[in-house]
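Colleague: Hi! Please pick a single part of this model and take me through it closely, with your cut-offs as you go.

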Amino acid sequence: MATRNSRGLRGSTLEEMGNRTNEWYLEKGLALIQKIPTPITPVKMDKEHRQITLAYFDQRSTVDYIGAVQGIPVCFDAKECVAQTFPLQNIHEHQVRFMEAFEKQEGIAFVLIYYSAKDMLYYLRFRELYGFWKRAEEGGRKSFRMEELDPRFFMDFSRGYYIPYLDALNLDLKIRDQLDKE
């Protein structure tokens, strides 16, 4: 059986916290966010236990979550990172292209990163991600360090396990409004 630290369950802690947060936001009438299942085709089944034992991905998934917050379309991915340096290879090009197209349609795209060794959360705005992505494409670093991130977007867990990403989203919207006025 996979353990929390094995590759098989890597990311499941953040995903579970994200799912709980999204349920709480729905109960409060603040947001409707859905987890996007990864499409798979089963190859082998354990008929006795009714479990899939081998499968392959049908297609590339886009992002982990999609929905609306008070009428604003949002999409985001959730990533866990043990180190203080986040490798961009953890975000795939098709995900970046999807988020870019989503933003062009006036949606808000972001990545939630859980730095598990530090027990810290970060709301990575798409604009910030795209800057790191372009730097890598132009031959620069293929990762980014925690100290390169905007300190305003680090979050603490709310009530122990909720991810207060709506607070960070509000700040993101304020920054966008300010940039539009300039």
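**A close look at one strand**

Modeller: Happy to! Strand 7 and strand 8 (residues 120-125) run antiparallel and are joined by six bridges; strands here are DSSP E runs of at least two residues, numbered from the N terminus, and two strands pair if DSSP finds at least two bridges between them. This is a predicted model, where local features need pLDDT of at least 70 and side-chain atom pairs pLDDT 80 or more, while totals for chains, interfaces and linings use all residues. Residues are numbered from 1 along each chain as its sequence is written, and side-chain values use heavy atoms, leaving out hydrogens and water.

In the hairpin of strands 7 and 8, four residues lie between the strands, and aspartate 119 has a positive phi near 55°. Strand 5 (residues 72-81) also pairs with strand 7, in parallel, through eight bridges. Isoleucine 113 ties these pairings together: it is the bridge partner of lysine 79 and stands opposite tyrosine 122 in strand 8.

Strand 7 spans residues 108-115, and eight of its eight residues are buried, meaning under 20% relative accessible area with a 1.4 Å probe and protein chains only. Ile108, Phe110, Leu112 and Tyr114 point one way, and Ala109, Val111, Ile113 and Tyr115 the other. In a regular strand, side chains alternate between the two faces of the sheet.

Tyr122 leads us onward: it is touched by aspartate 150, as are Arg125 and Glu128, leaving aside residues up to four places away in sequence (contact means heavy atoms within 4.5 Å). Aspartate 150 sits in the loop between strand 9 (143-145) and strand 10 (154-155), and counts as buried because its relative accessibility is 14%.

Terms used:
Buried means under 20% relative accessible area, exposed over 50%, partly exposed in between (1.4 Å probe, protein chains only).
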